[in-house]
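Here is a short briefing to keep beside you while you look around the model. Take it topic by topic, with the structure open.

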Amino acid sequence: MNFANIIDKKKNNKELTAEEIYWTVNSFVNNSLKDYQMSAFNMAVWFNGMTPTEIASFTQAMIDSGITYNLDGVDGLKADKHSTGGVGDKTSLIFSPLVAKFGIKVAKLSGRGLGQTGGTIDKLESCPGWTGEISETRFKEILNTVGISIMSQSSEIVPADKKLYALRDVTGTVDSIPLIASSIMSKKLVIPADSIILDVKMGSGAFMKDLDNAIALSKSMITIGKEHKRNVSVMITNMDKPLGRAIGNAIEVKEAWDTLNGNGPEDLIELCVTAAGLTLVQNNVFKDLETAKVELNKVLQDKSAAHLLKDFIEAQNGDFNVILDYENNFKTKYTIQILAQNDGYLSFASADQLGYLSMHLGAGRATKEESIDFAAGIYLNKTSNEFVKKGDVIMTLYTNREDIDNFKQKAQELIVLNKELHQEELILKLLTNEDV
Ligand code: URA
């Protein structure tokens, strides 16, 4: 096969065959296709898109580049969940116990954070000893005993995506619907879950800036799922503001625990209950979303799913006591309160920038090699759309780093006090298999 012909076809918007796509992906993975050639391919896809048939072949070629898991021997129905990434997004830690409480197992692969977005694996590692590097056998054992297990993404899982994503990241080709859809779905399809719920973030801090594109991405992912006989639902949600009040690692696990104990922020509850509700409807536990949400809210109030978070963390060797005694275990050298300089309705200039601030405080990594300070992060004492008075504490920064004045200035720059309330919907659209 000849790459010049393949790139020429894609450049001229002609459909590639499955063989051509497999050859391209395999050649890139085994290094016979160079980064500059694959960059040209990605850019041609960015401009011309891909047909559904091309997307199907591309996704399959990526899946076939690595190992897949089976869940043989795991009793009952299994659910998976994925978010396209956000600031303060600890949904998986609340979603999983809620769903497991109703007998649906949550079998999930998760990643680490990079840049402004956090990663579930980093958050869980704030419980000393917790590991996502467990064998397939142990994964299945924990699923059968606790009902939740989360593994870290390894280099053996969809290696083509790992290599491709790193290249897209530095060549301006991340925000392409066919490339995002195949990247996400290839990683979802390596675990044979009966249902998948996808949280597609939309807004200034997300890859999808408007609803039309977010819907197009969602439909593309549902289509891929359908081809693999998977039941996929999508929620398109607002990422103009952080989710909940906590941004960081241990502080987010603590917020998840509090939420499961009936004491969570409204937006986080709404998102988790909707995600879990859609999953329970997909798996026929409830007939409709409204009934599911009522029952899930009861579970948050009676706290009966909370122990599942603790049990799952302990099953994967984590010490959950550090979260139960949070104040004594996650002290930082500096605690900085950021005060309102005027009265007004609060909003934040950018969810993304709050994520970056948290990263600079030590809670995230700018490069893959950096280590994380589990105690660092931000607590939003006031949240979007609240009316605040001059002198009120808007947020508290926790850090062990010395750059205090810079942190204070950055935090102040992110606070916007409006004369009027600009209420925005959190959940913008729901789509299921039937919508495609
Ligand atoms: N998340 C992914 O896993 N892949 C993308 O391409 C974008 C977000």
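## Around the ligand

A nitrogen atom of the ligand is 2.6 Å from an N or O atom in the side chain of Ser183. Please bear in mind that this is a predicted model, in which local features need pLDDT of at least 70, side-chain atom pairs count only at pLDDT 80 or more, and totals for chains, interfaces and linings use all residues. Residues are numbered from 1 along each chain as its sequence is written, and side-chain values use heavy atoms, with hydrogens and water left out.

- The residues around the ligand (those with a heavy atom within 4 Å of it) are Tyr165, Arg168, Ile180, Ser183, Ile184, Lys187 and Phe207.
- Arg168 places a polar side-chain atom 2.9 Å from an oxygen atom of the ligand.
- For Lys187, a polar side-chain atom lies 2.4 Å from an oxygen atom of the ligand.

**Domains**

- The chain is assigned domain 1 (3–48), domain 2 (78–322 + 427–435) and domain 3 (333–418); these bounds come from an automatic or database domain assignment.
- Taken over C-alpha atoms, the centres of domain 2 and domain 3 are 25 Å apart.

**Where domain 2 meets domain 3**

- In contact here (heavy atoms within 4.5 Å) are 23 residues of domain 2 and 27 residues of domain 3.
- The two domains bury about 2000 Å² between them, with 56% of it on carbon and sulfur atoms; buried area is the accessible area (1.4 Å probe) that two parts lose on being put together, summed over both.
- Two salt bridges are found across the interface of domain 2 and domain 3, each being a side-chain nitrogen of Lys or Arg within 4 Å of a carboxyl oxygen of Asp or Glu.
- On the side of domain 2 that touches domain 3, the elements giving two or more residues are β6 (246–248) and α11 (250–260); helices (H or I, at least four residues) and strands (E, at least two) are DSSP runs, numbered from the N terminus.
- β6 supplies the largest share of that side, three residues.

**Salt bridges**

- The salt-bridge count comes to 21.
- Arg245 pairs with Glu386 in a salt bridge, with the closest N and O atoms 3.3 Å apart.
- Another salt bridge joins the side chains of Glu136 and Lys140 (3.7 Å, N to O).
- Both Glu136 and Lys140 belong to helix α7 (residues 136–145), where they sit four residues apart, about one turn of the helix.

Methods
A polar contact is a pair of N or O atoms within 3.5 Å; within protein, one must be able to donate a hydrogen and the other to accept it, and residues adjacent in sequence count only if both atoms are side-chain atoms.
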